[in-house]
Amino acid sequence: MLLRHFIVVACSITSSLIAAALAAQDYPSKPVRVVCGAPGGSSDFSVRVLAPGLTDNLGRQVIVDNRPGGLLAIETVLKAAPDGYTLLFENTGFWVGPLLRKMSYDPLTDFSPITLANRQLNLLVIHPSMPIKSVQELIALAKARPGELNYMSTGVGTSDHIAMELFKAMAGVNIVLVPYKGSAQGLTDLVGGQIQVAFPNAASAAPFVKSGRLKAVAVTSIEASALAPGLPSVAGSGLPGYEWVSIQGLFAPVN
């Protein structure tokens with residue numbers, strides 16, 4: 001509820017300001033750079049899907065600029081000129097992060113929201129060697145082996161981090177965080193067996209699941225999704241009330 005209010009307030013205050021600023025100039029007169037996180041991550045995937053359409057509509061090339069490593073994408077745009085030519089594409093961690101720890105930016109005062117881009121669900125995935133077929137079986141195994149299972153996350157407040165921490169809190173289990181700078185390396189280690197379980201976004205996990213290198217157990221939306229045919233929801237297969245769906249959006253620096 002707090003996050004929803006946070007986003008509504010930010011959008012209502014600043015969206016009209018950026019629209020007015022851009023309308024006052026001949027925009028765009030050169031390529032537009034959209035900065036996002038590591039290659040292969042959910043933001044990178046979404047931007048590369050959206051960039052061709054944005055290029056056609058703006059009449060100028062939209063360039064995707066990957067900046068792996070925690071806050072690097074956010075800090076790159078924070079330091080850029082507020083002229084509309086360097087934009088930030090971020091997900092839920094952009095808002096949640098400052099609620100969890102002190103950050104180098106304030107999403108309300110340092111950035112102007114331009115638009116909501118999409119909503120994404122996550123998948124609960126495990127290494128194929130694990131004798132798990134359901135959420136209930138994972139919870140039972142984690143309770144039997146507290147602190148022995150590991151999960152990968154791409155940073156504090158990111159979608160995969162919050163999805164698992166919510167799962168742990170509701171299920172009453174201890175699964176240990178192993179942090180990564182990007183989902184590509186984390187998923188590689190999950191495939192290799194160094195990590196046992198994760199909640200990556202569906203787009204990043206899909207190729208590994210399709211090839212059989214990872215086993216998908218459930219989706220994080222409140223109900224089963226057409227984006228993951230045949231998979232039950234976490235809520236409907238062992239953890240009632242569980243739901244996690246992240247959002248992504250486009251932002252511009254204020255100062």
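Is Tyr 242 buried or exposed, and what is its relative accessible area? Tyr 242 is buried, with a relative accessible area of 0%. The model examined here is predicted.

**Aromatic pairs**

A pair of aromatic rings is described by the distance of the centres and the angle of the planes. The count in this model comes to 10 aromatic pairs.

| Pair | Centre to centre | Angle between planes | Class |
|---|---|---|---|
| Phe 94 and Tyr 105 | 5.3 Å | 5° | stacked |
| Phe 199 and Tyr 242 | 6.1 Å | 20° | stacked |

Phe 94 belongs to helix 4 (residues 93–100), while Tyr 105 lies in the loop between helix 4 and strand 4 (111–121), so their pairing ties together parts that are 11 residues apart in sequence. Phe 94 and Tyr 105 are both buried. For Phe 199 and Tyr 242, the angle of 20° makes the pair stacked, because planes under 30 degrees apart count as such. Phe 199 is located in the loop between strand 8 (197–198) and helix 8 (202–210), and Tyr 242 in the loop between strand 9 (215–219) and strand 10 (245–253); the pair therefore ties together parts that are 43 residues apart in sequence.

**Nonpolar cores**

The largest nonpolar core has 27 residues, of which Val 135, Phe 167 and Ile 175 touch the most other members. At least two residues of this core come from each of strand 5 (123–126), helix 5 (135–144), helix 6 (159–171) and strand 9. When residues up to four places away in sequence are not counted, Val 135 touches Leu 124, Phe 167, Val 217, Ala 218, Val 234, Ser 237, Gly 238 and Leu 239.

**Surroundings of Leu 177**

Leu 177 is part of strand 7 (residues 176–179). Its relative accessibility is 35%, so Leu 177 counts as partly exposed. Apart from neighbours within four places in sequence, Leu 177 is in contact with Tyr 151, Ser 153 and His 161. The C-alpha atoms of Leu 177 and Gly 147 are 9.7 Å apart in space, and the two residues are 30 residues apart in sequence.

Terms used
Residues numbered from 1 in each chain as written. Predicted model: local features only at pLDDT ≥ 70, side-chain atom pairs only at ≥ 80, totals over all residues. Heavy atoms only, no water. Helix = DSSP H or I, 4+ residues; strand = E, 2+ residues; numbered from the N terminus. Buried < 20%, exposed > 50% of the residue type's maximum accessible area, 1.4 Å probe, protein only. Contact = heavy atoms within 4.5 Å. Phe/Tyr/Trp six-rings, centres within 6.5 Å; stacked < 30°, edge-to-face > 60°. Core = buried A, V, L, I, M, F, W, Y, C linked by side-chain atoms within 4.5 Å.
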